[in-house]
Amino acid sequence: MLMGWQSPMTPILQSPNGPAPEPITDDTISWMASITFFPSIFCGVLVGDLADRWGRKTTTMLTSLMLVISWSITLFSLRPWALITSRAVAGLACAGCYVVTPLYLKEIASDRIRGALGSLFILVQNLGYLLVYVAGDQLSFATVMWLCTAIPVLHLLFFFAMPETPVFLVKQGKYKEARVALAWLRYTSPDDKNLEEEVQQMEREEEYARSMKKSSWKSLFQDKTTFQAFRIALSVMLSQETCGYLVVLMYAGSIFDQASQSISLKLSPNKQTIVVGVIQLIGSIVASCIVEQTGRKWLLAGTSLATGLSMLSLGAWFYVTSLSIWLPGWLPVLAMYYERR
């Protein structure tokens, strides 16, 4: 919701009759969009260290606290400094969320449902985009703000009832607590004998990890197998994060608004953005269902190709039209739909 909020809210913030004391300029909107990702560059490693020191549960709750602080700043003031500061604080939450949430899910899940829980991470992310798109179109600005604030507040409160991950408890030598947490997660008694093997497996993995030589950045390049894995992972993540989809999601409303000027569309820009959100959600559901049949490699290659062609078409449309050359307005609309698939 944090990522998608800016799309429906930008026209409202820039309106002379909007809730801001003065219309927000394009420069401020640009800073709001970009500053969110700046803390993530430096804080990702820090969050991983905090997760090992303070625990997965505490670090997860810290990310919600950062979101509460971020939205509270915006509730307090809508001046440019407050909007930019709010998004910068939110960047800390993003850095934490993308590190500790997959880690928490992995360590609480049994083997048979780990893949399903992992796919839910992206599925619910897309649901958040759609929810804020619909809310931004149907509800008032103040209501959307309180809704965005309420969700991390509720998460922070309800997460108190969640256990720490058994893996982290084993790392801390708290074997009894690990067994109790595992019993809670498996909905069984701590005396259940079936838990014994799972706890012992965690203990063996922890002993093996401690017996290994501590890894370093240097080892990434010295060991051929490690370097190959690092290279592949880096290539996949770079292609995902630099393809421009986050920029498109943040400026979706503005893109549709500009496209609507040269094409007769029955839907408003916000409602077209909602359609994009629906397609995005459906795409993640379909991908989760077919990934075992198609394989990760070909699904990744196919979607990357489609995204690249769509972004190329979208960028070309904006560049050519900026030269006062006419191009059909349906081209960016079509590119947006295919890019989110």
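Two residues are in contact, or touch, when they have heavy atoms within 4.5 Å. Keep that in mind for this tour of a predicted model, where local features need pLDDT of at least 70, side-chain atom pairs count only at pLDDT 80 or more, and totals for chains, interfaces and linings use all residues. Residues are numbered from 1 along each chain as its sequence is written, and side-chain values use heavy atoms, leaving out hydrogens and water.

**Stop 1: the domains**

Colour domain 1 (1-162), domain 2 (166-212) and domain 3 (224-340); such bounds come from an automatic or database domain assignment. The centres of domain 1 and domain 2, taken over C-alpha atoms, are 32 Å apart. Between these two, 12 residues of domain 1 are in contact with eight residues of domain 2.

**Stop 2: Phe-160**

Now select Phe-160, in the loop between helix 7 and helix 8 (166-171). Helices here are DSSP runs (H or I, at least four residues), numbered from the N terminus. Is Phe-160 buried or exposed? Phe-160 has a relative accessible area of 53%, so it is exposed; with a 1.4 Å probe and protein chains only, buried means under 20%, exposed over 50%, and partly exposed in between. Show Lys-57 and Met-61 too: Phe-160 touches both, not counting residues up to four places away in sequence.

**Stop 3: the largest nonpolar core**

A nonpolar core is a set of buried Ala, Val, Leu, Ile, Met, Phe, Trp, Tyr and Cys residues joined through side-chain atoms within 4.5 Å. The largest one has 30 residues, and Met-3, Trp-5 and Phe-141 touch the most other members. Helix 6 gives the largest share of this core, five residues. Domain 1 and domain 3 both contribute residues, so this core lies between them. Zoom in on Phe-141, whose contacts include Trp-5, Met-9 and Leu-78, not counting residues up to four places away in sequence.

**Stop 4: the second largest pocket**

Finally, select Cys-97, Thr-101, Phe-121, Val-124 and His-155, which of the 29 lining residues lie nearest the centre of the second largest pocket. On a 1 Å grid over the protein atoms alone, a pocket is an open set of points where a 1.4 Å probe fits, with protein on both sides within 12 Å along at least five of seven lines; lining residues have an atom within 4 Å of a point. Helix 4 (56-76), helix 5 (80-108), helix 6 (114-138) and helix 7 (141-158) each supply at least two lining residues.
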